[in-house]
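The sequence and structure come first.

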Amino acid sequence: MKDSTFLYVIGFLAQLFFSARILYQWIVTEKSKQVLSPSAFWILSIAGSYLLFIYGWLRDDFSIILGQFIAYYIYLWNLNEKGLWEKLHLFFKVLLMITPIIAGVVVLHDVSAFISNFFRNEKVPLWLLVFGSAGQIIFTLRFVYQWVYSYHHKESLLPAGFWIISLIGSSVIVSYGIIRHDPVLILGQSVGFVAYCRNLMIGYKSAKNTQL
């Protein structure tokens with residue numbers, strides 16, 4: 001029971017950071033009447049990513065871990081675009097850079113055990129693992145899209161495509177969470193739905209006003 005409580009504390013805390021980033025971004029966007037990419041969004045993203053990786057590892061859930069590996073360095077890239085990376089102490093820079101690499105080495109140290117723990121997990125059927133992983137990949141692709149778009153425009157931005165992909169990926173993850181009876185995933189993803197839709201609406205209005 002204690003282990004289960006500790007596990008959910010980590011998971012809910014991670015989702016709290018992720019929800020806070022969306023709510024903060026939503027608030028500043030509403031105030032400015034245009035979609036913004038605030039620095040706090042990326043700082044909270046890194047904090048949540050750390051904790052959710054730990055949660056996925058302790059729960060033996062590969063689909064959750066996969067999502068964190070893909071997005072992590074994109075968060076750091078955006079921090080750099082915001083000019084925050086150069087302000088960090090060298091120790092924290094090294095720590096942030098090598099943590100995912102070390103974690104990957106640990107996970108893949110024993111490939112047979114890795115496959116047994118994640119891909120042959122009796123608690124998670126293969127079809128459900130594939131479904132959940134697909135949701136995480138789609139959801140994480142929003143950051144790949146955001147990175148490509150921002151790199152092209154030479155600044156950290158959150159374009160309309162980012163929010164559209166967010167809605168699609170979030171829908172799959174919520175479905176996965178319902179099937180697995182995972183309140184962390186269900187609650188964490190549900191919070192973002194309204195913010196995603198509002199960002200699309202504000203972005204559309206802002207673009208329309210610009211054209212006038």
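In this predicted model, helix α2 gives the most to the lining of the second largest pocket, with four residues. The elements that supply two or more residues to this lining are α2 (39-58), α3 (62-81) and α4 (90-108). In total, 10 residues line the second largest pocket, and Ser49, Tyr50, Phe53, Thr99 and Pro100 lie nearest its centre. By class, the lining of the second largest pocket holds seven nonpolar and three polar residues, with no charged residue. The volume of the second largest pocket is about 160 Å³.

At least two lining residues of the largest pocket come from each of α6 (126-153), α7 (160-179) and α8 (183-211). Of the elements, α8 gives the most to the lining of the largest pocket, namely six residues. Sorted by class, the lining of the largest pocket contains 11 nonpolar, nine polar and two charged residues.

| Pocket | Volume | Lining by class |
|---|---|---|
| Second largest pocket | about 160 Å³ | seven nonpolar, three polar, no charged residues |

How values were computed: Residues are numbered from 1 along each chain as its sequence is written. This is a predicted model: local features need pLDDT of at least 70, side-chain atom pairs count only at pLDDT 80 or more; totals for chains, interfaces and linings use all residues. Side-chain values use heavy atoms; hydrogens and water are left out. Ala, Val, Leu, Ile, Met, Phe, Trp, Tyr, Cys and Pro count as nonpolar, Asp, Glu, Lys and Arg as charged, and the others, Gly among them, as polar. On a 1 Å grid over the protein atoms alone, a cavity is a set of points where a 1.4 Å probe fits but cannot get out, and a pocket is an open set with protein on both sides within 12 Å along at least five of seven lines; lining residues have an atom within 4 Å of a point. Grid points are joined across faces, edges and corners, and a volume is the space filled by probe spheres set on the points.
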